[in-house]
Amino acid sequence: MSVSNTGPSRSDLVADTALALLAERGMRGLTHRAVDEAAALPQGSTSNLARTRQALLELAVRRLADREARVLALHEMPDPAAGTGSLVDALALATHRALTHHRALTLARYELALEATRRPELRAFFDATGARFRDQLTALVTGMGSTDPARHTLSLIAWADGLMFSCVAGSFGAVPPSLEEIRAGLRELLKGMLGD
């Protein structure tokens with residue numbers, strides 16, 4: 001008889017705790033000992049799982065990619081045949097989720113992205129995990145008739161990232177934009193790229 005464990009794995013617990021610490025304390029607050037304490041694990045547990053700081057950061061980036069895939073609802077992205085309105089709705093909902101219910105996760109992502117600018121080995125790892133969303137978005141805009149899918153994907157991601165950064169860590173952090181405001185911005189952007 002097998003017993004199923006419904007709780008998170010030790011690896012997920014450590015990674016989730018690392019992400020929470022990044023959002024709360026920044027990169028300086030992320031240590032193996034801090035993860036053990038915050039996760040209520042015996043001292044040395046995080047080191048046994050991720051021996052080096054690089055290994056701990058990679059574990060956090062992998063978990064970030066998994067959790068963001070759920071926030072961005074990659075499985076809910078529309079078929080290109082559904083038209084631009086469906087893409088606007090899906091992207092607006094994903095962006096709004098990241099700004100409201102998953103604000104700490106978004107903040108942790110920016111901490112990791114900045115750290116990756118100083119650690120080439122983390123940069124390669126960070127970029128590879130982010131390719132999942134970028135590739136799917138490129139396929140969507142291609143299917144919708146984009147004349148320059150790579151540039152249009154960059155513009156869409158830059159727009160969403162800029163909005164999220166401004167509203168999570170920048171001067172627009174007091175009140176996030178509403179879902180309808182995000183939709184309006186995306187409609188304008190996609191209309192310029194893809195037409196009606």
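This is a predicted model: local features need pLDDT of at least 70, side-chain atom pairs count only at pLDDT 80 or more; totals for chains, interfaces and linings use all residues.
Helix 8 comprises 20 residues, 149-168, and spans 28 Å from its first C-alpha to its last, close to the 28 Å expected at 1.5 Å a residue. Its buried residues are H152, T153, L156, A160, L163, M164, C167 and V168. These residues lie on the same side of helix 8, because they cover an arc of only 120 degrees around the axis. In an α-helix there are 3.6 residues a turn, so residues three or four places apart point the same way. The cover over the buried residues of helix 8 includes helix 5 (84-99), helix 6 (103-116), helix 7 (120-143) and helix 9 (179-194). On the face turned away from the buried side, helix 8 carries the exposed residues A150 and L154.

The count of aromatic pairs in the model comes to one. The ring centres of Y110 and F165 are 5.3 Å apart and the ring planes stand at 85 degrees, so the pair is edge-to-face. Distant parts of the chain are linked by this pair, since Y110 belongs to helix 6 and F165 to helix 8, 55 residues apart. Y110 counts as buried because its relative accessibility is 11%, below the 20% cut-off. F165, by contrast, is partly exposed, with a relative accessible area of 40%. The ring of Y110 also has the charged end of R109 over it, 5.1 Å from the ring centre.

Elsewhere in the model, S45 is found in helix 3 (residues 45-49). With a relative accessibility of 9%, S45 counts as buried. Apart from neighbours within four places in sequence, S45 is in contact with R10 and D36.

Notes:
Residues are numbered from 1 along each chain as its sequence is written. Side-chain values use heavy atoms; hydrogens and water are left out. Helices (H or I, at least four residues) and strands (E, at least two) are DSSP runs, numbered from the N terminus. The expected span of a helix is 1.5 Å times one less than its number of residues. Buried means under 20% relative accessible area, exposed over 50%, partly exposed in between (1.4 Å probe, protein chains only). The arc is that of the directions from the helix axis to the C-beta atoms. Contact means heavy atoms within 4.5 Å. Rings of Phe, Tyr and Trp (its six-membered ring) pair if their centres lie within 6.5 Å; planes under 30 degrees apart count as stacked, over 60 as edge-to-face and the rest as tilted. A charge sits over a ring if NZ of Lys or CZ of Arg is within 6 Å of the ring centre and within 35 degrees of the ring normal.
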